[in-house]
Amino acid sequence: QLQLVESGGGLVQPGGSLRLSCAASGFTLNYGAIGWFRQAPGREREGISCISSSRGTYYADSVEGRFTISRDNSKNTVYLQMNSLKPEDTAVYYCAARRSTICKDNEMDYWGKGTVVTVSS
C-alpha cells in the first residue's frame, strides 16, 4: 500500500527548531517531486518547500532561509528542518509526492495525514 507518514511535529517556543520527517512506503521518494505543505487554522493550504532530483529545492518566501528540505534515499524519507520558528508557522504540516519534476498543490499524487506544529510561548 502506498503511504506517506509525517512525524516530528509538536509544541516549540518561538525561535526554536523542529525537524519533520516524511517516510514513504510502497514506492520510492526519488521517483518525482516531494513537497511540504501547511495549513493554518482559517487559512488556505500553502506550499512551502519542494525537492526533486531534476529541479533541486524550492522554498516559499515565508520560510526561505529558515527551513531546509532534504532527502535520505536509503531511508526513503524526506525531512524538513525548521529553524527560527515563529508563531505564524503554527499549522498542520503535510508532505505529498508527485510523479513529476515540480510540486503543484492540486496535482500531488499522494498525501500524508499531517503532523501538527505549534509555535507558542
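**Figure 1. Strand β5 contributes six residues, the largest share, to the lining of the largest pocket.** The model is predicted; local features need pLDDT of at least 70, side-chain atom pairs count only at pLDDT 80 or more, and totals for chains, interfaces and linings use all residues. Residues are numbered from 1 along each chain as its sequence is written, and side-chain values use heavy atoms, with hydrogens and water left out. The volume of this pocket is about 150 Å³. Its lining comprises 15 residues, and Ser49, Cys50, Tyr58, Ile102 and Cys103 lie nearest the centre. Two or more lining residues come from each of β4, β5 and β6 (56-59). By class, eight lining residues are nonpolar, six are polar and one is charged. A pocket is an open set of points on a 1 Å grid over the protein atoms alone, where a 1.4 Å probe fits, with protein on both sides within 12 Å along at least five of seven lines; lining residues have an atom within 4 Å of a point. Strands are DSSP runs (E, at least two residues), numbered from the N terminus.

**Figure 2. A disulfide joins cysteine 50 to cysteine 103.** The S to S distance is 2.0 Å, where a disulfide is a pair of cysteine sulfur atoms within 2.5 Å. Because the torsion about the S-S bond is about 80°, this disulfide is right-handed. Cysteine 50 belongs to strand β5 (residues 46-52), and cysteine 103 to the loop between β9 and β10 (110-111), so the pair ties together parts that are 53 residues apart in sequence. Cysteine 50 has a relative accessibility of 8% and therefore counts as buried; buried means under 20% relative accessible area, exposed over 50%, and partly exposed in between (1.4 Å probe, protein chains only).

**Figure 3. Cysteine 22 and cysteine 95 form a disulfide.** The sulfur atoms of this pair are 2.0 Å apart. The pair connects distant parts of the chain, with cysteine 22 in strand β3 (residues 18-25) and cysteine 95 in strand β9 (residues 91-98), 73 residues apart. A torsion of about 65° about the S-S bond makes the disulfide right-handed. Cysteine 22 is buried at 0% relative accessibility, and cysteine 95 is buried with a relative accessible area of 0%. The whole structure contains two disulfides. With the bonded cysteines of the protein chain numbered in sequence order, the pairing is 1-3, 2-4.

**Figure 4. The side chains of arginine 45 and aspartate 105 meet in a salt bridge.** The N to O distance is 2.6 Å; a salt bridge is a side-chain nitrogen of Lys or Arg within 4 Å of a carboxyl oxygen of Asp or Glu. Arginine 45 lies in the loop between β4 (33-39) and β5, and aspartate 105 in the loop between β9 and β10, so the bridge ties together parts that are 60 residues apart in sequence. Arginine 45 is partly exposed at 35% relative accessible area, and aspartate 105 is partly exposed at 26%. By the rule above, the count comes to six salt bridges.

**Figure 5. Glutamate 107 and arginine 98 meet through their side chains in a salt bridge.** The N to O distance in this pair is 2.5 Å. Glutamate 107 is partly exposed, at 34% relative accessibility, whereas arginine 98 is buried, at 11% relative accessible area. Elsewhere, salt bridges that share partners join Arg38, Glu46, Arg66 and Asp89 into one network. Within it, arginine 38 and glutamate 46 meet at 2.9 Å, N to O. Arginine 38 is buried, with a relative accessible area of 7%, and glutamate 46 is partly exposed, with 28%.

Technical notes
Helix = DSSP H or I, 4+ residues; strand = E, 2+ residues; numbered from the N terminus. Points joined across faces, edges and corners; volume = space filled by probe spheres on them. Nonpolar A, V, L, I, M, F, W, Y, C, P; charged D, E, K, R; others polar.
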